[in-house]
Amino acid sequence: MKIFKGKLIEIIQRTATIASFRILPEERVDFLPGQFLELIFDENNLSNKELNKYLSFSASPTKDYIEVTKRLSNSLFSQRLKGLKAGDSLTFKAPFGNCVLKDEYKKIAFLIGGIGITPIISMIEYIMERKLDIDAVLFYSNRTEDDIAFRKELDDYQPKCCKLKIFYTATDCQPKDNRCLAGHIDKSLLESKIKDIQERIFFTFGPPGMVEAMKNICLGLNCTKENIKTESFIGY
């Protein structure tokens with residue numbers, strides 16, 4: 001891990017509560033799709049967990065910029081993010097994380113809820129830009145259709161990548177769009193949409209409860225532990 005400096009170049013509102021922050025680093029940041037950084041607002045006290053937090057990279061490592069995405073709350077860290085403007089200097093440490101995409105994977109699936117989509121965007125962009133021969137299926141669950149972060153980008157990716165299939169689910173309402181299914185990601189949904197479950201590497205990112213639930217679904221479908229890659233977001 002190394003400490004980097006960068007300049008904020010753009011803030012992108014993804015949903016009413018989720019925003020992306022694009023940063024132009026002073027030097028190249030080498031990371032793998034699926035990894036994350038620690039954004040540091042308190043350089044004098046690196047152990048300050050209120051102002052220094054981990055955020056996933058939400059853009060491909062092939063980009064000139066880096067991007068992180070956060071669901072903004074009333075926390076001190078979120079307030080600092082909300083106060084940022086283009087041109088501000090930022091400090092971060094990177095890279096962290098072992099739950100990463102590998103070029104040699106052939107079949108993968110993502111079981112994602114809410115803000116857990118952030119590292120998946122990095123992976124999908126990387127697959128597309130490197131033109132990797134990877135068959136990918138994304139199951140992305142949110143409370144409502146309006147909560148789907150990166151919806152426009154994901155809808156644009158699918159026709160450009162013939163080996164990418166996307167299934168949105170809404171848990172708290174009846175979706176208006178027929179491309180969005182009602183209900184949670186569960187065993188029956190995966191069995192109905194994936195015919196080669198045991199051949200796939202499964203990725204799940206997000207809050208610990210969501211990650212544990214998705215892991216148990218995979219185990220219930222007789223996936224091997226080696227084929228289940230998880231990363232829990234703690235204190236986000």
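First, some ground rules. This is a predicted model, in which local features need pLDDT of at least 70 and side-chain atom pairs count only at pLDDT 80 or more, while totals for chains, interfaces and linings use all residues. Residues are numbered from 1 along each chain as its sequence is written, and side-chain values use heavy atoms, with hydrogens and water left out.

**The antiparallel sheet**

Let's start with the open sheet whose six strands come in the order 4-3-6-1-2-5, with antiparallel pairing. Strands here are DSSP runs of E with at least two residues, helices are runs of H or I with at least four residues, and both are numbered from the N terminus. Two strands pair if DSSP finds at least two bridges between them. Strand 4 (52–56) and strand 5 (66–71) are the edge strands, each pairing on one side only. On average, neighbouring strands of this sheet are turned by 40 degrees against each other, direction ignored. Axes are lines fitted to C-alpha atoms (for helices, over the stretch in contact), and angles run from 0 to 180 degrees between N-to-C directions.

Within this sheet, four bridges link strand 3 (residues 36–40) and strand 6 (residues 89–96) in the antiparallel sense. Glu38 sits opposite Lys93 of strand 6.

| Strands | Sense | Bridges | Residue pair |
|---|---|---|---|
| Strand 7 (residues 107–113) and strand 8 | parallel | seven bridges | Leu111 and Phe139 |
| Strand 8 and strand 9 (residues 164–170) | parallel | seven bridges | Phe139 and Phe167 |

How many residues of strand 8 are buried? Eight of the eight residues in strand 8 (residues 135–142) are, so the strand is largely enclosed by the rest of the structure. Buried means under 20% relative accessible area, exposed means over 50%, and partly exposed is in between (1.4 Å probe, protein chains only). In a regular strand, side chains alternate between the two faces of the sheet. In strand 8, Asp135, Val137, Phe139 and Ser141 point one way and Ala136, Leu138, Tyr140 and Asn142 the other way, and all are buried.

**Crossovers and helices**

Strand 7, helix 2 (residues 118–130) and strand 8 form a right-handed β-α-β unit. The chain then crosses from strand 8 through helix 3 (residues 151–160) to strand 9, in a β-α-β crossover that is right-handed. That label applies if, with the strands pointing away from the viewer, the path from the first strand over the helix to the second runs clockwise.

The axes of helix 2 and helix 3 come within 11 Å and cross at roughly 30 degrees. That makes helix 2 roughly parallel to helix 3 (angles under 35 degrees count as roughly parallel, over 145 as roughly antiparallel, 65 to 115 as roughly perpendicular and the rest as oblique). Ile121, Ile124, Glu125 and Met128 of helix 2 make the contact with Leu154, Tyr157 and Lys160 of helix 3, where contact means heavy atoms within 4.5 Å.

**Residues to look at**

Met123 belongs to helix 2 and is buried, with a relative accessible area of 0%. Beyond its neighbours within four places in sequence, Met123 has contacts that include Pro33, Cys99, Phe110 and Phe203.

Lys131 has a positive phi of about 55 degrees without being a glycine. Lys131 lies in the loop between helix 2 and strand 8 and counts as exposed at 72% relative accessibility. Phe150, in the loop between strand 8 and helix 3, has a positive phi near 65 degrees, but Phe150 is buried, with a relative accessible area of 2%.
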